[in-house]
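Try each task before reading its solution.

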Amino acid sequence: MVFLCASTVKSWSSTLWPMQSTSVFRTTTLAAEEKLSDLQLVATPDYPVAAGQSVNLHCTAFTMPDFVIWSWQRRENQTWKEVISERDLTLTEPEQSGTYRCSARSRLSQRESSTHTVYIISVHATVGENLGIAAFVFSLLALIISLATVFWLCWQRLGDTVTTSKTVAKGFPGPEKSPKGGLPNTNCDTDAYMNYTSTNQAYTDLDTTNMTGDNVYSSLS
């Protein structure tokens, strides 16, 4: 009877040992697979940006298991509030400025990264900037109006010049042409002078002693 009990206990122990070994092996393997290293937060760019520009936050680890739950947290009033359950976070608005950190959780461990502060600056024109813009616009309009006025005046002057030239051409006669022989036309009320040269002295020498009246000669010598 005692022999039978001892044999039964030995058989049960032999049967239980492989199960315990398998359980220990699985636990060891699971612990090795679920090991998660420290997290690193990468911001691109890592300097303040203007509203509308993007800031991308990326969370990474040197070693990580296949199953990891990523999340992002933002600090508000000294407490951390979860923003999104993703590995990457993109920020574009000024109200999204603040301090962030990423978190990763596996089956057996959980890690948090160091914090990073994001600055997204709101761009609003001040009163001085608005006045400067208005002054620039008015100056540009004044320049355009001045150029248009100068162009109009030049165009008007050119039109008057052309009109005057046409009027002169139509209303007044041009210079008279000399008839054949080179002698000017004497049909006018003004005095006409003529220079006559000839080799025959009988017609060119006028003797004043033979004058019978004003500018009248009795003979030519």
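**Exercise 1.** Find which residues make the nonpolar surface patch of about 930 Å².

*Solution.* Start with the patch itself: Ile133, Phe136, Val137, Phe138, Leu140, Leu141, Leu143, Ile144 and Leu147 make it. Patch members have over 30% relative accessible area and no salt bridge, and nonpolar side chains are joined within 5 Å; a salt bridge puts a side-chain nitrogen of Lys or Arg within 4 Å of a carboxyl oxygen of Asp or Glu. Areas follow the Shrake-Rupley method with a 1.4 Å probe. Finally, Val137 counts as partly exposed because its relative accessibility is 42%, between the limits of under 20% for buried and over 50% for exposed.

This is a predicted model, where local features need pLDDT of at least 70, side-chain atom pairs count only at pLDDT 80 or more, and totals for chains, interfaces and linings use all residues. Residues are numbered from 1 along each chain as its sequence is written, and side-chain values use heavy atoms, leaving out hydrogens and water.

**Exercise 2.** Work out the strand order of the open sheet of three strands.

*Solution.* The order is 1-3-6, with antiparallel pairing; strands pair if DSSP finds at least two bridges between them. Strand 1 and strand 6 are the edges, each pairing on one side only. Now look at one pair: strand 1 and strand 3 share six bridges, and Leu41 stands opposite Cys59 in strand 3.

Key. Helix = DSSP H or I, 4+ residues; strand = E, 2+ residues; numbered from the N terminus. Patch = residues over 30% accessible without salt bridge, like charges linked within 9 Å, V, L, I, M, F, W, Y side chains within 5 Å. Buried < 20%, exposed > 50% of the residue type's maximum accessible area, 1.4 Å probe, protein only.
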